[in-house]
Amino acid sequence: MRIAYGVMGYGRGHAMRSLSVLPALMQQHEVTVFTAGDAYDVLAPLFPTVRIPMVGYRYNARGGHSIPRTVSENAGPLADLLLGGPGIEQVTREFKDRGIQLVISDSEAWSHRAAAQLKLPRISFDHVGIIAWCKPHFPADLWLAGMRDAIGYRALMGQPDRTLISSFYQAEPRQSTTRIVGPMLRDEVLRASAGGRPKSKEFLLAYFNKGEHQYQAHVERALRLLDQPVMVYGTPRRGREGNIEYRAPSNEWFINDLAQCRAVISTAGNQLIGEAIHFGKPILALPEQAFEQRLNACMIERMGVGMRGDIATLTPSDVDRFLGNENWYRSHMGEHARDGRKDAIETLHRFIGELVRQPSRSKASRGAPKRATRAVAS
């Protein structure tokens, strides 16, 4: 079967989740990835990939989200998406040219919209869907923001035929067509823990999903004043400066550091949180202003596996307070550690079988050949 797999390009978490299931899907189906931004850089060297438009946050000088810039600079792509501009036309044409029969989307709106226009069956597979397709489970101070984002997500993505949600915490689905599984643990993660959890060393791992904006002077000061090494990922800087070592993006090196670090200081993405819990690493979550990350940080505290902080006001005292409770956080890890990849792959295959009759191998072999990686309007 010919499947389009849409991946939201903002940040690397969506790409990391996709890496966990794409090889298994490609053993039985002809899969083309449709993505942009950071996810394109991760996935294009590994899979047949088409570059597509995307929307994403813009930042101010203080490292926070700039609402005016986010609105103004995303106006064109949003108009394309909602009104059917060149980007949607190109994605629709790619689907037709490639004979796409089904679409799986990880928070990627163009693939959802193109599939709806062509009346193709759709499977939503992400984490954000826990906001839209599960019964509300929001803290009181985030209730209105959660309801707003749930409505916005449903309006942007439309109603998928099936929904699969990967999450480090549980929630109650609204419909029988929605299933929740645990975090997607990549091969690198499983290899690093094959002989049991590696022994922790005396260094911290810090990760910022948009470090070129978020890694402000006060954040650097908070890390520099610690009396132990810190491995920092996600910034443009490289090399060692005092107790801080700035590292380039690398799946293997990052997972190796995550497996051996004392604790994690990070923006609050679902994928990294699930991997940190797997390795038993306490998490100081510094969420972006986006509701999903703020909710993730609240859930970390509710589960007792870490602490919620504020990236805009981070101080050395915050880090010291977090590290002072690390043994208590670590004691709760075992009850929350899960690997949802096997369940996710089995569920995706089941959903595919329910939505589209599998073509015979002989018919599939007569289809159009795979096409090389190429770009569409961005």
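Axes are lines fitted to C-alpha atoms, for helices over the stretch in contact, and angles run from 0 to 180 degrees between N-to-C directions. Helices (H or I, at least four residues) and strands (E, at least two) are DSSP runs, numbered from the N terminus. This is a predicted model in which local features need pLDDT of at least 70 and side-chain atom pairs count only at pLDDT 80 or more, while totals for chains, interfaces and linings use all residues. Residues are numbered from 1 along each chain as its sequence is written, and side-chain values use heavy atoms, with hydrogens and water left out.

**Helix pair**
- Helix α13 (residues 270-279) and helix α14 (residues 291-303) have axes that come within 10 Å and cross at roughly 20 degrees.
- That makes α13 roughly parallel to α14 (angles under 35 degrees count as such).
- Contact (heavy atoms within 4.5 Å) is made by Asn270, Ile273 and Ile277 of α13 and by Glu292, Asn296, Ile300 and Met303 of α14.

**Sheet**
- An open sheet of 7 strands has the order β10-β11-β9-β8-β12-β13-β14, with mixed pairing (two strands pair if DSSP finds at least two bridges between them).
- β10 (239-241) and β14 (306-308) stand at the edges with a single partner strand each, so one side of each is left without a neighbour in the sheet.
- On average, neighbouring strands of this sheet are turned by 20 degrees against each other, direction ignored.
- Strands β8 (residues 204-207) and β12 (residues 263-266) run parallel and are joined by 4 bridges; Leu204 has Ala263 as its bridge partner in β12.

**Helix on the sheet**
- Helix α11 (residues 217-224) lies across β8, β9 (230-233), β10, β11 (244-247) and β12, and runs at about 125 degrees to β11.

Technical notes:
Angles under 35 degrees count as roughly parallel, over 145 as roughly antiparallel, 65 to 115 as roughly perpendicular and the rest as oblique.
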